[in-house]
Amino acid sequence: MFQYFRPHVRPVRGLLSAGLLASVMSAVMQWIAPWPLKYIFDSVISHKPLPSWMSGLPTSANSLLWFMVAVMAVVAGLLALSDYFSTRFVATAGQRVIFAIRGQLFRHIEAQGTGFHQRRRVGDLLARLGGDVQAIQSAVVTALPTLVRNVLTLVGMIAIMFVVDWRFSLLALVLVPVLGFASRYYLNKIKSIQRRARQADGEASSVAQEVLTSMTVVQAFGAEDVEAKRYEEATGRGLEENRLAIVAQSQFTPLVTLAMTMSTVVVIYFGVRSINSGQLSAGDLLVFMAYLRGMFSPIRQLSKLAGVVGRAHAAADRVIEILNTHEEVFVAPDAAHLHRTRGVLTFRNVSFGYDEDTTVLFGVDLEIPAGTRQALVGLTGSGKSTLLRMIPRFLDPTSGVVTLDGANIAQANLTDLRRQIAYVPQEPYLFRATVWENILYGREGGERATAIDVARRAGLHEVIESFPQGYDTMIGERGLALSGGQRQCVSITRAMVRQAPVLLLDEPTVGLDAELESLIMAALEIAADGPTTIIVSHQLAGLRWVDQIAVLSEGRILETGSHAELVANRSVFWSLSELQSAHLHERDVDESVSL
Ligand SMILES: Nc1ncnc2c1ncn2[C@@H]1O[C@H](COP(=O)(O)OP(=O)(O)OP(=O)(O)O)[C@@H](O)[C@H]1O
Ligand SMILES: [Mg+2]
């Protein structure tokens with residue numbers, strides 16, 4: 001665990017050292033605290049002479065009393081002050097470390113590849129970033145300062161007790177191993193309970209996330225009750241586990257108190273007998289008892305932390321589990337930097353399967369010269385999107401290579417590679433921000449004038465201007481405030497503004513009405529003028545402007561050629577196309593409806 005903390009501890013070293021210094025100070029004050037009382041008892045009340053090293057002190061009972069009381073007050077003041085600083089510094093340092101770890105966790109999640117994000121549930125990741133980090137944080141804030149201070153106090157107290165009277169110390173400490181075993185037992189118990197509680201929390205968060213992002217479907221299918229039960233079941237499990245943790249905690253603290261009281265009773269019995277037989281002064285016993293109490297107090301406080309610490313431990317395991325997962329896109333250590341490429345793309349004998357048993361692409365060969373327009377057509381599930389996702393390396397081929405300007409993209413710097421690509425996914429994702437911010441996303445100091453230029457050229461400027469506040473329209477979460485077509489317009493403009501040498505379009509017009517579709521097709525035709533463009537589409541009729549069409553079937557390229565060639569050869573594509581128009585004529589609708 002500490003290997004993850006270490007790099008983040010360095011920046012707060014100063015704060016932590018100050019906190020530790022204050023903690024040592026606090027411990028020293030605790031060690032000193034009982035002594036004035038001993039001298040009040042022995043020298044002020046019982047008039048015993050002071051030890052020789054204190055010979056400079058006033059000898060009259062009254063002045064000595066004043067002096068000792070003053071010492072007690074000063075010690076109490078210093079104790080309060082050092083407690084304040086130690087809590088403040090140690091807790092602040094801890095909080096900063098946790099803050100850094102949270103950032104590290106977020107970056108780590110961002111860096112993971114498609115496989116990771118497909119398998120992991122968003123809600124569970126959110127629970128780790130939120131609840132788990134929070135659990136560690138509250139332990140660090142409440143437990144760490146207490147832990148540091150109390151352990152120091154404890155060690156010192158035990159040492160001094162041995163100096164004062166080692167026999168009584170042994171007597172008092174006989175129960176310490178028992179306490180040790182009990183702490184171990186309860187800590188482990190609470191940790192495993194909390195592990196299940198944190199899991200349930202992740203589950204609840206996943207359910208909530210799923211339901212909240214698909215509320216329309218849930219409501220349309222009347223599944224509110226089912227989902228509420230699913231949510232309650234997960235939160236209920238968390239509640240039950242937390243109840244068990246509380247039960248364990250409430251057994252542990254009284255057990256510790258009981259054990260400590262027992263040893264006090266034994267010490268009092270033997271202590272009073274020693275005083276009566278003249279072996280010990282009342283002041284000695286008093287000091288010893290004060291130390292005993294002083295030692296028990298940290299132990300009791302530490303025992304109270306078992307719940308918080310157990311919970312944080314379970315939470316830290318969950319955070320570390322993610323930090324230990326490495327499913328980043330593999331980038332060779334000597335990856336070459338890419339400057340702006342020309343956009344020559346080739347697939348050489350590319351095969352791919354999402355898992356070992358099923359292959360989705362079989363030895364695909366495809367050459368796309370710079371600046372040309374390539375279409376991918378084929379039936380549902382034939383592997384078009386899969387092929388497209390290999391270019392930004394969301395997926396890597398199982399065998400074969402994809403090259404850009406002749407260089408294997410797997411050996412290029414990933415950021416550079418992705419900078420060469422503008423991608424319009426099938427479901428345009430927009431952020432909760434203005435149209436401006438969405439269009440200029442990922443561009444620092446993006447140029448508004450260029451954006452308007454681009455939109456105007458593509459014929460999308462008017463569409464965007466027609467939004468309620470034009471470019472300043474605030475788009476709701478997941479783009480919900482816009483229609484599907486409007487969202488697509490923003491998404492295409494965003495891709496065009498990137499002015500990348502490669503443009504990838506995954507079914508950009510699916511589900512749009514005829515008017516918007518022809519508008520967007522026209523926009524795409526303009527967008528594709530310049531970059532190397534790959535468009536996945538079912539709109540065969542709309543593909544007359546592309547240079548080359550590849551027909552994919554069950555993961556293989558059946559044929560390639562221009563629109564005219566495929567039609568002339570009466571190819572598969574042609575039959576698909578014919579079939580489509582036959583349908584269309586029958587139904588007497590516009591020719592461009594999806595397959
Ligand atoms: N994330 C995934 N995990 C596992 N299998 C997948 C995944 N995505 C796609 N597949 C499978 O890979 C095959 C090809 O899918 P792909 O999405 O590339 O098809 P497509 O040609 O784009 O289809 P469509 O026209 O419907 O978009 C399909 O059989 C699909 O079930
Ligand atoms: Mg697809």
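The model is predicted, so local features need pLDDT of at least 70, side-chain atom pairs need pLDDT 80 or more, and totals for chains, interfaces and linings use all residues. Residues are numbered from 1 along each chain as its sequence is written, chains are lettered from A and ligands numbered from 1 in the order written, and side-chain values use heavy atoms, without hydrogens and water.

Trainee: What radius of gyration does the chain have?
Mentor: The radius is taken over C-alpha atoms, and the globule rule is 2.2 Å times the number of residues to the power 0.38. For 595 residues, a compact globule would come near 25 Å. The C-alpha trace spans about 120 × 50 × 45 Å along its principal axes. The chain has 36 Å.

Trainee: Is His461 buried or exposed?
Mentor: Buried means under 20% relative accessible area, exposed over 50%, and partly exposed in between (1.4 Å probe, protein chains only). His461 has 8% relative accessibility, so His461 counts as buried.

Trainee: Which side chain makes a polar contact with the side chain of His461?
Mentor: A polar contact pairs N or O atoms within 3.5 Å; within protein, one must be able to donate a hydrogen and the other to accept it, and residues adjacent in sequence count only if both atoms are side-chain atoms. His461 touches (heavy atoms within 4.5 Å) Ile452, Ala455, Arg456 and Tyr471, leaving out residues up to four places away in sequence. The polar partner, at 2.8 Å, is Tyr471.
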